[in-house]
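Subject: A structure for you to look at

Hello,

Here is the structure I promised to pass on. Please open it beside this email, and then read on for what turned up in it.

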Amino acid sequence: MGERSPLAILSSQQNHLPLWIPVAFAIGIGGYFSMPTEPNVIVLSALMFLGLVCVVAGVFARGAARILVLAVLIALMGFGAAVFRSNMVAAPVLAWPQTVNVEGRIVGLDRSSSGRPRITLDRVILYGTDPSRTPERVRVSLEPDTDESVLIPGARVLGQARLSPPSAPAEPGGFDFRRHAWFDRLGAVGYSRTPFVERPGKSGFGLSQALFKLRLHLSRQIQELIPGRDGGFAAAILTGDRSGVDPEALQDLRRTNLAHLLAISGLHMGLLTGFTFAMVRIGLAFVPRIALNVSSKKIAAVVALVAGAVYLGLSGANVATQRAFIMTSVVLFAVLLDRPAFSLRSVALAAFVILAIRPESLTGAGFQMSFAASIALIVTFDRLGKQEWWRDSGSLAWRASRPVIAVAITSFVAGAATAPFSAFHFNTLSQYGLVANVLAVPAMGLLVMPAAVVAGILSIIGLGAPAFWVMGQGIAYILNVAGFMSSLEGGVRTIHAGPSLALVLIALGALFVILWIGRLRYAGVLPVFAGLFLWMSAERPDILVSENGRLFGVETGAGRVVNSEKGNSFAASIWLRNDGDGASQREAFRRPGMERTRGRAFISVPGLGGFRYVGSKKPGEEFQTACKTDAILLAPDWKSEPDGDCVFIGRNLLRREGAIAISIVDGRPVLDGAKSRNSSRPWTRDHYRSAGN
């Protein structure tokens, strides 16, 4: 077939094929999550048969043909892993919103976005609800003045709460909290109606509860030793307890692209285990008998691995920390096996392990940004390491400045690699993020985490206070950097939401450029540009309506204008953020173009006609006239459809579709409902809610 044939080109890639295994596996997982309906028995049987065919074909195939067959087989395995995981976590979801007496064991404690204490309960009892329909887990926001003596890990508590099923997206195609809750086995969320009280009786206190209690105890001790906002930050990065984080400081960290310092992720795990590894190895070097007869490097790797495992347990072992520990473990095991510790193969192995255990991680910002940064940094410093000018250790000035330059390169490369994912998930790009990271990250690595390790060791003998003080000084510096950079004008640029396909094209194109061998790798630039074009050319809906129909927003020349100044603030913030609009709900409310009276609103939509909102429960005079004069009538409490040719959005349509997006196509409104998308997936089905309809 010739040396330049596609099969020959594919065969030339065999040395890099292991790096493509997690990519193929991820493609299968992505295929499952992108399906509009849950695969039925016929589809699953067909895929299993295809998998068997691939196994048989792989035995007899050779060369490039075997590579293609294995790629298909691995993708099918990824699809199957996602199906298996989705069914393994299946648990009841609350049928409909209700006020109910709820009892359960406290297994999680944090704070809501409004600052209220929030508890997660398992072993739940909903009084008046059949046990077979009772959610596995429930999350409840408590009153701000809740007695903290009740909030004891592992304690059984009782109180009255207003609970609802996990919410559908604020707009069609938006973030689906239902899917996130499904994989956390979280079947209901809500807020308390009365103070919760401790319920006497056995709660089944196991290892996880013991670690949870220890975490909170350590968190409170840390905040006593490091008071104020610095202590809240310290507790968050050491124990995972973010309840003490100052809201203003958190906002500054987000605006300056420093929020990753707060989340226990690869950076923290790497710094802690790296410092432990270095200290153990240096310490062993002072003992000649050990240094000359055993591998101090391997002993240090084992100690660092144990330190990472302890940190994993004490920090709550959330998904991000698990991911960080797996990646760190791969690196340390590579040291034990005398293999290159930092390589693309190590990253590929870590990605495959994580996806095999938690396939849903693929869709999360944490997984995507973590691996994007890791891959980009390894490739960059691998190529730098091959440059003679970089390795040159001639002048003292160069040796002194190279670590600073390395930090700047690290911040730039990591920032550039994660920028598309940050923009996609959070709709923001920090203009001063690079500068803020260059200034703040060294303090994290050279001061905060080393001091934390020393404080942990010295605390055993009651001498940890000085080290905690040093840690607090480093944190204060980081928060001051964040506050200063956040105060600068134009620090954050907003980006409008793009389709998922755009991010997929960008990611796959970038991976092709990195992983492919030969000049053909530059063809990966084409899907990157295609993804960017698809993203930039994506159009936002002309009209958005909230799930309860009480809030709507219409796109105008001045931006989206909304009918309410305060109500449904979460939906409003999501809409404006997805528009790439930095305005607040109040600012969007004050934009011109909408006429409002009590319980009424009207706006003329260019290219369509009138959009009228009627908030009254009983139809008035609008019932006979609105649909004859306006293009769209929104009356969320009306069941009956009025006469006329308008598009009527009433109670029945909202219950069926949830949030609604309306686009004007050739002068006609085209509706898209949030609930009708993926309506038969496990996390969107109404099989637990049918009794409430």
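A word to start with: contact means heavy atoms within 4.5 Å. This is a predicted model, in which local features need pLDDT of at least 70, side-chain atom pairs count only at pLDDT 80 or more, and totals for chains, interfaces and linings use all residues. Residues are numbered from 1 along each chain as its sequence is written, and side-chain values use heavy atoms, with hydrogens and water left out.

Let's begin inside. Not counting residues up to four places away in sequence, Leu 261 touches Phe 233, Ile 237, Leu 267, His 268, Ala 440, Val 441, Met 444 and Ile 478. Leu 261 is also one of the residues with the most contacts inside the largest nonpolar core, which has 49 residues. Such a core is a set of buried Ala, Val, Leu, Ile, Met, Phe, Trp, Tyr and Cys residues joined through side-chain atoms within 4.5 Å. Buried means under 20% relative accessible area, exposed over 50%, and partly exposed in between (1.4 Å probe, protein chains only). Among the elements that give two or more residues to this core are helices H7 (228-239) and H17 (433-458); helices (H or I, at least four residues) and strands (E, at least two) are DSSP runs, numbered from the N terminus. H17 brings the largest share, 11 residues. A second, separate core of 36 residues includes Val 23 and Ile 375.

Now try Arg 540. It sits in the loop between helix H20 (525-536) and strand E9 (543-545). Is Arg 540 buried or exposed? With a relative accessible area of 19%, Arg 540 is buried. Its side chain makes a polar contact with the side chain of Asp 579 at 2.7 Å. For that term, a pair of N or O atoms must lie within 3.5 Å; within protein, one must be able to donate a hydrogen and the other to accept it, and residues adjacent in sequence count only if both atoms are side-chain atoms. The side chain of Arg 540 also reaches the backbone oxygen of Asn 578, at 3.3 Å.

Ser 486, in helix H18, is buried, at 11% relative accessible area. Beyond its neighbours within four places in sequence, Ser 486 is in contact with Asp 252, Arg 255 and Thr 256. Val 294 counts as partly exposed because its relative accessibility is 40%.

Happy exploring!
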